[in-house]
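Thank you for making the time this morning.

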Amino acid sequence: METTASATTIAARAPLIAATGVAKTYRTADGGTIEALAPSNLSIDDGEFVAIVGPTGCGKSTLMRLIAGLVEPSVGRLALGGRRIAGASREVGVAFQNATLLPWLTVADNVRLPLRVGGWRTAGNDRVGELLAMTGLVGFENKYPYELSGGMQQRVAICRALARDPKVLLMDEPFGALDALTRERMNLELQQLWSVSGKTVVLITHSIAEAVFLGDRVVVMSARPGRIVGDLRIDLPRPRSFETTPGEPTYLRLTREIRALLDRGASAATP
Amino acid sequence: MSRLDAEDLSFERSGASAGYALGPLFRLALTLAGGVALVLVWEGCVDWLKVPPYILPPPIAVARALWSGLDVPLDSPAGFYLPIASTLSNAISGFAIGAVLGIATGSIMAESRIVEIVLMPYAFALQVLPKVAIAPLVVIWFGFGDGSKIAMAALLAFFPLMVNSFTGIRMTEPERLELMRALSASRLETYRVVKLPSAAPYIFAGLDMGMVYALLGTIVAEFLGAQQGIGVTIVQAQAATDVASVFAALILLGVIGIMLHLVIRFGERRIIHWTVRHKT
């Protein structure tokens with residue numbers, strides 16, 4: 001089992017994202033502390049597709065917020081491209097849960113938002129057009145989010161995350177609210193987008209199937225305290241498809257392994 | 001002050017819906033029938049109960065008073081047009097001043113903990129105070145001219161806008177704020193791009209209420225003394241026990257109030273289309 005691969009890859013070559021002994025503890029209102037993430041090591045290479053899977057409360061959102069620079073680690077070192085992560089970075093684009101589009105802006109203006117704020121002052125019409133074309137949203141530029149389906153809203157959110165052409169696309173359960181069929185289609189589109197763009201993708205999900213289908217690696221996390229309990233390489237040929245991939249023995253074996261890791265994590269947390 | 005307290009303070013428009021599914025035409029007919037019934041009961045009271053006209057004039061006398069005030073040249077001193085123009089312009093000027101100051105104060109309070117801690121208790125205390133009680137003071141400060149009318153209108157419009165913009169900004173979805181942080185947006189950008197639009201539905205509810213209050217403030221100031229205005233028309237008619245003209249002026253005020261409300265609702269539909277769509 002390749003569960004401890006992370007420690008060795010750090011030495012082999014400089015990863016794009018490197019977390020060394022990173023932990024996050026939150027203070028509660030009554031003066032206590034909650035360990036959202038126990039000391040963890042994780043390294044992600046440039047261009048890799050890493051899926052992080054785990055139950056609610058396993059610290060995967062905390063890990064995402066750490067990488068996005070939205071919270072600081074309590075201990076440990078967290079680096080992006082060899083530099084310590086301090087605050088939000090232009091090299092990380094975030095696609096939030098439930099799309100989080102601004103309902104008063106059109107599709108084009110939502111995608112343009114990152115190019116208008118935070119020290120950016122570009123019209124970015126070419127960039128917006130390019131992104132909308134890539135995600136099949138041409139013709140919807142002047143629509144408002146409430147006029148779009150859930151899947152299309154999520155596409156707009158992905159476009160917005162990519163607007164500044166970041167190295168890393170960070171996605172926090174982007175397809176959780178979609179129906180099963182739309183979700184599968186979005187998975188295929190994301191795979192396509194990733195292979196064309198060459199971005200590093202970190203996808204947070206609680207679907208084992210989605211994680212195995214999309215990831216080069218699946219990082220398995222467990223709750224109370226949130227920690228990494230497994231890191232598996234997914235050696236499935238690409239492009240993967242819903243006709244063939246889920247039937248492959250490797251797919252089934254990895255899915256079972258991840259489920260076992262999650263079950264073990266759950267039983268360890270509740271003695 | 002906590003979010004809960006802020007919610008208690010807010011003037012939210014209650015989502016009124018009466019559960020019945022009636023056709024729009026039938027509903028309109030029902031409303032009109034109610035109005036006709038009211039006039040008939042009114043006429044009946046005057047005719048059968050022999051209510052004297054200085055208590056309750058018959059509907060026809062009120063209609064005649066209304067018509068005599070409207071069927072004159074625009075600049076006739078006997079007509080309703082000059083008082084309407086005076087009251088309306090003072091109420092709208094005061095409303096504009098009060099709304100801008102209210103939104104600005106509410107925004108600063110929502111953005112700064114320190115300002116909130118310093119101002120909130122006093123804002124709350126003033127909120128509870130019946131503000132028309134300040135009118136005599138306002139007349140002393142601003143005189144019997146337009147100044148005191150505009151000041152009263154501004155004062156009354158200020159509070160609902162301050163409280164509603166404060167509440168609306170504080171209610172901004174945390175996800176939207178996190179998005180702006182992930183984009184390294186400045187505080188001003190976050191306010192302008194996310195917080196103010198997020199608060200817009202609250203602000204419009206405040207504008208709706210503030211407009212009514214501004215009209216109220218102007219009329220109260222006019223009661224205390226003015227050269228012209230609908231308040232003056234009412235007081236003069238009352239002095240002459242011309243009750244029919246008092247009624248006519250009140251009907252005019254009602255119509256003006258409804259029209260101002262409709263203007264704000266129209267603006268609301270145009271500007272915050274995204275929430276209006278969601279309601280349906």
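This is a predicted model: local features need pLDDT of at least 70, side-chain atom pairs count only at pLDDT 80 or more; totals for chains, interfaces and linings use all residues.

Chain A has a mean pLDDT of 89, and 94% of its residues reach 70 or more. The stretch to be careful with is residues 1-11 of chain A, where the pLDDT is below 50, although in the model this stretch still has 18 contacts beyond near neighbours in sequence.

Now to the sheet in chain A. Six strands form an open sheet, and if you follow them across in the order β6-β7-β8-β3-β9-β10 of chain A, you will find that the pairing is mixed. The edges are β6, residues 92-95, and β10 of chain A, each of which pairs on one side only. From one strand to the next, the twist averages 15°. On this sheet packs helix α5 of chain A, residues 150-162, which touches β6 and β7 (168-172) of chain A and whose direction makes about 165° with that of β6(A).

Which way do the residues of β6(A) point? Val92(A) and Val94(A) point one way from the strand, while Gly93(A) and Ala95(A) point the other way, and all of them are buried.

Moving across to the other part of the sheet, strand β3 of chain A, residues 49-53, pairs with β9(A) in the parallel sense over four bridges. Here the bridge partner of Ile52(A) is Val219(A) in β9(A).

Strand β9 of chain A, residues 217-222, also pairs with β10(A), in this case in the antiparallel sense and over six bridges. These two strands, β9(A) and β10(A), form a hairpin with four residues between them, and in the turn Arg224(A) has a positive phi of about 50°. Ser222(A) has its bridge partner in β10(A), namely Arg227(A). Why do we describe β10(A) as largely enclosed by the rest of the structure? Five of the seven residues of this strand, residues 227-233, are buried, so the description holds even though β10(A) is an edge strand that pairs on one side only.

Let me turn to chain B. Its secondary structure comes to twelve helices and zero strands. The C-alpha trace of chain B spans about 70 × 55 × 35 Å along its principal axes, and of its 280 residues, 35% count as buried. If we take the contacts in chain B between residues at least 6 apart in sequence, 77% of them join residues at least 24 apart.

Chain B is divided into domain 1, residues 24-56, and domain 2, residues 57-279, and the C-alpha centres of these two domains of chain B lie 30 Å apart. The contact between them takes seven residues from domain 1 of chain B and six residues from domain 2 of chain B. On the side of domain 1 that touches domain 2 in chain B, the residues divide into six nonpolar, no polar and one charged.

Finally, the place where the two chains meet: 17 residues of chain A are in contact with 16 residues of chain B. What classes of residue does chain A bring to the side that touches chain B? That side has 13 nonpolar, four polar and no charged residues.

Terms used
Residues are numbered from 1 along each chain as its sequence is written. Chains are lettered from A and ligands numbered from 1 in the order in which they are written. Ala, Val, Leu, Ile, Met, Phe, Trp, Tyr, Cys and Pro count as nonpolar, Asp, Glu, Lys and Arg as charged, and the others, Gly among them, as polar. A residue is buried if 20 or more other C-beta atoms lie within 10 Å of its own, exposed if 12 or fewer, and partly exposed in between; C-beta atoms are placed from the backbone. Two strands pair if DSSP finds at least two bridges between them. pLDDT is the predictor's confidence in each residue, from 0 to 100. Axes are lines fitted to C-alpha atoms, for helices over the stretch in contact, and angles run from 0 to 180 degrees between N-to-C directions. Domain bounds come from an automatic or database domain assignment.
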